Amino acid sequence: RRLWKVLALLLAFTLVAAACGDDDDTADDADDTADTADDAADDADDMADDGDDMADDGDDAADTLVIGTALPESGGLAFLGPPMIQGAELARQDLEAAGANVEIITGDSGTDGAVAQETVGRLLGSGANAIVGAAASGVSQDIIQTLFDGMVPQCSGSNTSPAFSDQDNAAYYFRTVPPDEAVSPIIADVVAAAGHTKVAVVARADDYGTALGDLVASELTGLGVENEQIGYDPENVAADSVVASVAGAGADAVVLISFDEGFPIIQAALEAGVPASAMYGADGLFWNGLNGEIDPANPNVIDGFTLIGASGGEDFNTRLTELTEGNLIYGGQVYDCVITLALAFAQAGTTDGEALMTAVFDVTRDDGGDTACSTYVECVTAIDAGEGINYEGVAGPIDLDDVGDPTFGRYAIAEFQDGVLTAIDSQDIDLSFNS
């Protein structure tokens, strides 16, 4: 019986030991399960990291500034389009060579608001964060509200209407060409210096023509030159009637403020005996092919005709003329629009419209001790070094005032000589005293 008790006791210990062994196996299984869970968590972390990496890649893609251009490929300003379009293209090439995260997509502004509106809608739908254009002031008025509502910066290198300076929806608008107050005294000075005493100021009756015509007339009056303003409907030009009004005014010179619809007015004036040397054109006619449009058979038909318009500096004009056969109008100003936006993006570090506009003002004027720079590479190097910059463009200093108008203008004065539009002078004008 003692033996059975011993055996029973041994059996009990065996069962307990076995039970303890089962507990260890269960614990091991639990540990294995925990390890598996840990592995799964690690895998989840890895997947999250991959997601973060993908998000970062997405952020990097969004860190590209997309600039859409709405410039005249068709319509009444198509003949002036090449220097503007090529100015933007030269800026694109320079930005690409510098490794800038800037993409440029293009479109036609025409001289019709419907064309420009469709183009801007397409550009914005394609991811444009800023718009360069339109060329004509009236066309920019057709798109400015859309861009204001979308908080999309807009820069024009050719809008000269004074209206943009004080309108409520221009908070995201700036330009690199001064308003007409800058060129009007130059036109008046050139005409007065030639000895004319009675001038007919013939202008298209729209935002551009009326504003510039009024200013030129006022400047002529201030110089003691008698003048008369003659407006016409650009959609229905009666050239003979316009020239009859010029004759009726007894004018000895004509200042013509027009686009291509002014060609028949020039033809009619020549036929009426007005010499080309007594004709002056503003920027809307500044074209080296103008003589061929007036008389394809006679390249010397408008020898003596003088044109005044905004242009770039000598170095840039030399570069541009190789692409445009000497057509330079507004090319430098459009180039400066693109580079200014690219520098604003480099400084702001975002495509947010409000931040970009703040940076546009910062990079185009000297706020005290800023580094002056004239190329994208020079400027962005200074930005990367933490310096403030003052971009001085290919068309000269920009120095934006508080409403987004440049306070410096550079203008070419050219004359047709032996059938070739030849630069005879240039003038810079400083408007900072008005800012």
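Visitor: Which residues lie nearest the centre of the second largest pocket?

Guide: Rolling a probe the size of a water molecule over the atoms shows where empty space is left. A pocket is an open set of points on a 1 Å grid over the protein atoms alone, with protein on both sides within 12 Å along at least five of seven lines; lining residues have an atom within 4 Å of a point. This is a predicted model, in which local features need pLDDT of at least 70, side-chain atom pairs count only at pLDDT 80 or more, and totals for chains, interfaces and linings use all residues. Residues are numbered from 1 along each chain as its sequence is written, and side-chain values use heavy atoms, without hydrogens and water. Here, Thr 111, Arg 204, Asp 206, Glu 235 and Phe 259 lie nearest the centre, among 15 lining residues.

Visitor: What is the volume of the second largest cavity, and which residues line it?

Guide: A cavity is a set of points where a 1.4 Å probe fits but cannot get out. Grid points are joined across faces, edges and corners, and a volume is the space filled by probe spheres set on the points. The second largest cavity has about 70 Å³; its lining includes Val 243, Leu 256, Ile 265 and Met 279.

Visitor: How does the largest cavity compare in volume?

Guide: The largest cavity holds about 110 Å³. Of its 14 lining residues, Leu 77, Ala 135, Ser 158, Phe 259 and Tyr 330 are the closest to its centre.

Visitor: What is the volume of the largest pocket?

Guide: About 390 Å³, with 22 lining residues, including Ser 311 and Asn 317.
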